[in-house]
Amino acid sequence: MSATGGKSIPFSLIGGDVTITGNVAASVDLHIDGAIEGDISCASLVQGPDSRITGHVTAQSARLAGLVDGSISADELVVESSARITGDVTYATITIEPGSRIAGRFTHKDGATPAAELKLITNDSAG
């Protein structure tokens with residue numbers, strides 16, 4: 001049994017009284033209410049409204065409600081109204097609630113198109 005008491009859906013919780021300096025990697029869902037000073041990589045991220053992340057975030061899905069100072073890359077991203085993000089955002093799908101603040105550049109994940117364009121340019125320049 002996991003520390004959460006369940007066998008099938010493990011997750012990790014970083015409480016509001018915890019500050020971590022360093023990178024965090026999790027193969028399970030991660031819920032952050034505290035502060036992280038480092039990069040985060042996880043399957044699914046839920047950030048509490050009083051949480052602070054200073055670093056890059058990479059997740060399959062992310063629901064952000066606190067402060068993020070760094071870039072974000074997520075397939076499915078939800079930015080809640082209390083979120084404050086400073087950094088570039090790369091996403092496949094995104095939901096932005098009214099009241100949130102984002103200072104950065106948005107890029108849609110579309111891996112096939114840039115690679116095809118790069119190959120086409122390379123072939124054209126070689127011919």
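Mentor: What follows starts with the whole chain, goes through the paired strands, and then turns to the core and a few single residues.

This is a predicted model, in which local features need pLDDT of at least 70 and side-chain atom pairs count only at pLDDT 80 or more, while totals for chains, interfaces and linings use all residues. Residues are numbered from 1 along each chain as its sequence is written, and side-chain values use heavy atoms, with hydrogens and water left out.

The protein has 14 strands and 1 helix. Both kinds of element are DSSP runs numbered from the N terminus: a helix is H or I over at least four residues, a strand is E over at least two. Of its 127 residues, 31% count as buried; buried means under 20% relative accessible area, exposed over 50%, and partly exposed in between, with a 1.4 Å probe and protein chains only. Contact means heavy atoms within 4.5 Å. Among contacts between residues at least 6 apart in sequence, 2% join residues at least 24 apart.

Now the pairing. Two strands pair if DSSP finds at least two bridges between them. Strand 6 (residues 40-47) is joined to strand 8 by 6 bridges in the parallel sense, and leucine 45 has alanine 62 of strand 8 as its bridge partner. Strand 8 (residues 57-64) also runs parallel to strand 10 (residues 72-79), with 7 bridges between them. Within that pairing, threonine 58 stands opposite serine 73, and alanine 59 is opposite alanine 74. Strand 10 in turn is joined to strand 12 (residues 89-96) by 7 bridges, again in parallel. There, valine 79 has isoleucine 96 as its bridge partner.

Another set of strands forms an open sheet of 6 strands in the order 2-5-7-9-11-13, with parallel pairing. Strand 2 (19-21) and strand 13 (101-103) are at its edges; each has a single partner strand, so one side of each has no neighbour in the sheet. From one strand to the next, the twist averages 5 degrees; axes are lines fitted to C-alpha atoms, for helices over the stretch in contact, and angles run from 0 to 180 degrees between N-to-C directions. Inside this sheet, strand 7 (residues 52-54) and strand 9 (residues 67-69) share 3 bridges, and threonine 54 faces aspartate 69 in strand 9.

The largest nonpolar core has 23 residues, and those touching the most other members are Leu30, Ile32, Ile40, Leu45, Leu64, Ile72 and Leu77. A nonpolar core is a set of buried Ala, Val, Leu, Ile, Met, Phe, Trp, Tyr and Cys residues joined through side-chain atoms within 4.5 Å. Strand 4 (29-32), strand 6, strand 8, strand 10 and strand 12 each give it two or more residues. Leucine 64 shows what such a position meets: leaving aside neighbours within four places in sequence, its contacts include Leu45, Ile72, Leu77 and Val79.

Isoleucine 14 is in strand 1 (residues 11-14) and counts as buried because its relative accessibility is 8%. Beyond four places in sequence, isoleucine 14 is in contact with residues including Ile20, Leu30 and Ile32. Serine 44, in strand 6, has 16% relative accessibility and therefore also counts as buried. The side chain of serine 44 makes a polar contact with that of serine 61, at 2.9 Å. A polar contact is a pair of N or O atoms within 3.5 Å; within protein, one must be able to donate a hydrogen and the other to accept it, and residues adjacent in sequence count only if both atoms are side-chain atoms. Threonine 107 lies in strand 14 (residues 106-108) and, at 38% relative accessibility, counts as partly exposed. The C-alpha atoms of threonine 107 and threonine 90 are 4.7 Å apart, although the two residues are 17 residues apart along the chain. Not counting residues up to four places away in sequence, threonine 107 touches Val89, Thr90 and Tyr91.
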